[in-house]
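Visitor: Could you walk me through reading a predicted fold, feature by feature?
Guide: Happy to; here it is.

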Amino acid sequence: MWMLIGIPTVPRPSEPLGMDLAQTVLHRTLTSIRQQIVARDLVGRVRVVVMNNRPGDHDVFQRCRERLAAPAG
């Protein structure tokens, strides 16, 4: 691994429960980072870790995790 990016996150009051995931700050951030990793041929060299600071109370985190998480390993 060449780089580790840590992103702490909490629910945003401006992002109501069930909001379109593609419009959330966390999803847009993670999608942008993934696009840059692929574009710069850094797949496998960069790891992104998102730290949920409100476990059990962060809908956007859970949905991003389900949609975007890579298998552990």
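Guide: Residues are numbered from 1 along each chain as its sequence is written, and side-chain values use heavy atoms, leaving out hydrogens and water.

Visitor: Which residues make up the largest nonpolar core?
Guide: A nonpolar core is a set of buried Ala, Val, Leu, Ile, Met, Phe, Trp, Tyr and Cys residues joined through side-chain atoms within 4.5 Å; buried means under 20% relative accessible area, exposed over 50%, partly exposed in between (1.4 Å probe, protein chains only). Here the largest one has 11 residues in all: Ile7, Leu21, Leu26, Leu30, Ile33, Ile37, Leu42, Val46, Val60, Phe61 and Cys64. Helices are DSSP runs (H or I, at least four residues), numbered from the N terminus.

Visitor: Is His27 buried or exposed?
Guide: His27, in helix α1, counts as buried because its relative accessibility is 10%. Contact means heavy atoms within 4.5 Å. Beyond neighbours within four places in sequence, His27 is in contact with Leu21, Ala22, Cys64, Arg67 and Leu68.

Visitor: How many salt bridges does the structure hold?
Guide: A salt bridge needs a side-chain nitrogen of Lys or Arg within 4 Å of a carboxyl oxygen of Asp or Glu. The structure holds 1, joining Arg63 and Asp59 at 2.9 Å, N to O. They sit about one helical turn apart because they are 4 residues apart in helix α2. Arg63 is partly exposed at 21%, and Asp59 is partly exposed at 27%.

Methods
This is a predicted model: local features need pLDDT of at least 70, side-chain atom pairs count only at pLDDT 80 or more; totals for chains, interfaces and linings use all residues. Helices (H or I, at least four residues) and strands (E, at least two) are DSSP runs, numbered from the N terminus.
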